[in-house]
Amino acid sequence: GPHHWRNHFSLYRFPKAPVPVTTGNPWYGSKFSSWSNFVHAKMTYTVDDGSEGTELCQNGYMKGQVTPCLKSKSIYPLEVKKDYPDNINEAPDKLPFNAHHPIYEMDPDGNPYPDPLAFRSAKIQNFLDIPNHWDLGSFMVLQHEELNEKGSAFLLEKVSKILGQKPVCEADPPKHQPNKILNRDWAKYITKNLDWETESQVGYEPRMDKPKVVAAPVRKKPPVKKIVLLGERHSGTSYTTRMLKKCFPKLNVADFFGRYKHWFQPTPEYVTSMTEKHLKNQNNLDAYEDMHKIRDYWPKLASLENPKQSAFARTLVIVMFRNVYDWLEAMRLGPHHWPNHFVMYRFPRAPVPDTTGNPWYGSNFLPWEDFLKANMTIGNGIDESHLCQNAYAYGQVSPCRVSKELYPEKVKQDYAPDMSAAPDQLPFNAHNPIYELDENGVAFENPLALRTAKIRNFMDIPNTWNVGGFMTLQHEDINEKGSGFLINQVSKLIGMEPSCGADPPMKQDMKQLDA
């Protein structure tokens, strides 16, 4: 069914078909090309279409992005033109497989694609790039084979959850259509010449089921060997990680992807670049605590032949979120790593210097107005040649490096000038301030702006890495439903039975906020 691809089949006129046609019927049939002729047919239709001097072509393409540029009967196939030598306008308005309206899309350089396989790869990349170019409400991919094998129930359920709206229809049953029988040489040609790296992004891989059968299969990904939980502070990741470790003890359940679970996650390109620049030879890299995983882990990722495709191909990524009202209040009452967002005081009779290992400092929460206005940055304390904490580049995080010299003023008053005697730990990790900056190296205006950027970063993970699975989870779902639904979902995704019972709902009330 080569719709709009005029070069990819042959036309013939039905016997006794009237000329000119006055019945409204096309009176033309079609003959399919052999697979070899089909795959080698020209992916362009360069004819005089009367578009000279025209820049805007059919379907909103610019000149050079599509052939032909304009649709008209003057570009009808020769099989039709010979039947209407004097007045082509009398020819039928429609031809088989939309041959009356040829459309051959060009590559980015304005050249024809070498064959339909190359065209398919480019179209997949274009479609998958949509969420990188447009701010969408949501994005999902769907395989034809899933509808065939499962029916429509699973799709209705997914769309219903995304929309927050129940469907008003019944699910269609599975169709169980058999795989198409392909010529063995045709199947071998596809397997050899298709860009399978691109195909893997939408879940397909080559296979040969039987001697003469090759179909577009549902990709059987390698079994999941690891689960990674990501989420901002106070989103429920600690409980969920413990629960999944108990339920799936044979799997590695971790809170570290490219960085620790709370922080912006890096792209494959960034990991490779920073490894080459800093980690490979330990250039300007001090041995400080938060780098102990990254300094060994990133070089292993970068050493893979294709980190983007293989590094996390057997990893299920679960990203947790919490409603913004409760999350923001939880951050106000527990501003971990944000020393600007609470007030510290020294306990009475606390020894100075401290030799007990206790921080001897308490904290007072800020009013919500002051919390939102607090500065989302702190001094850097190091030059641009160094890799910063959590393997951020200079200008991506504040401060770049952790130091007691950057301790809050209240602590400095107690220990200056010898800050080395100050406690190693402070309330809410104030001893290790981490203020992530925006893509321009500027402090976020407030925690809400950071939250928005963090959500986008987390949701972009399946676009930047080939992961074994990806799902989102709301803190409220665990709270209201218990853990049973999540255990079942994970069990189905990884093909492994849980070894635990479900926890009951927690039924925690929403926090009471100042109106």
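## Disulfides, cores and a surface patch

C247 and C500 form a disulfide, with their sulfur atoms 1.8 Å apart; the term covers any pair of cysteine sulfur atoms within 2.5 Å. Keep in mind that this is a predicted model, where local features need pLDDT of at least 70, side-chain atom pairs count only at pLDDT 80 or more, and totals for chains, interfaces and linings use all residues. Residues are numbered from 1 along each chain as its sequence is written, and side-chain values use heavy atoms, with hydrogens and water left out.

Back to that cysteine pair. The torsion about the S-S bond of C247 and C500 is about 90°, so this disulfide is right-handed. C247 lies in helix α9 (residues 237–247) and C500 in the segment after α19 (484–494), so the pair ties together parts that are 253 residues apart in sequence. Helices here are DSSP runs of H or I with at least four residues, strands are runs of E with at least two, and both are numbered from the N terminus. C247 is buried, at a relative accessible area of 0%. Buried means under 20% relative accessible area, exposed means over 50%, and partly exposed is in between (1.4 Å probe, protein chains only).

How many disulfides does the rule give? The count comes to three, and here they are with their S-S values.

| Pair | S-S distance | S-S torsion | Handedness |
|---|---|---|---|
| C57 and C69 | 2.1 Å | -95° | left-handed |
| C247 and C500 | 1.8 Å | about 90° | right-handed |
| C388 and C400 | 2.0 Å | about -95° | left-handed |

As for C57 and C69, their sulfur atoms are 2.1 Å apart. C57 sits in the loop between α1 (35–40) and β3 (66–67), and C69 in the loop between β3 and α2 (78–81), so the pair ties together parts 12 residues apart in sequence. C57 is buried with a relative accessible area of 7%, and C69 is buried with 3%. If you number the bonded cysteines of the protein chain in sequence order, the pairing reads 1-2, 3-6, 4-5. Another cysteine, C169, is partly exposed, with a relative accessible area of 44%.

Now for the nonpolar interior. A nonpolar core is a set of buried Ala, Val, Leu, Ile, Met, Phe, Trp, Tyr and Cys residues joined through side-chain atoms within 4.5 Å. Which residues have the most contacts inside the largest nonpolar core? They are F257, W298, F312 and W465, in a core of 24 residues. At least two residues of this core come from each of β5 (226–231), α10 (268–279), α11 (294–302) and β7 (315–321). Skipping its neighbours within four places in sequence, W298 is in contact (heavy atoms within 4.5 Å) with G258, R259, P266, Y270, V271, M274, T275, L279 and A391. There's also a second, separate core of 20 residues, which includes L229, L244, M320 and L486.

Finally, the surface. F127, I130, W134, L136, F139 and V141 make up a nonpolar patch with about 570 Å² of accessible area together. Patch residues have over 30% relative accessible area and no salt bridge; like charges are joined within 9 Å and nonpolar side chains (Val, Leu, Ile, Met, Phe, Trp, Tyr) within 5 Å. A salt bridge puts a side-chain nitrogen of Lys or Arg within 4 Å of a carboxyl oxygen of Asp or Glu, and accessible areas come from the Shrake-Rupley method with a 1.4 Å probe, where for residues only the protein chains shown count as cover. I130 belongs to helix α4 (residues 130–133) and is partly exposed, at a relative accessible area of 30%.
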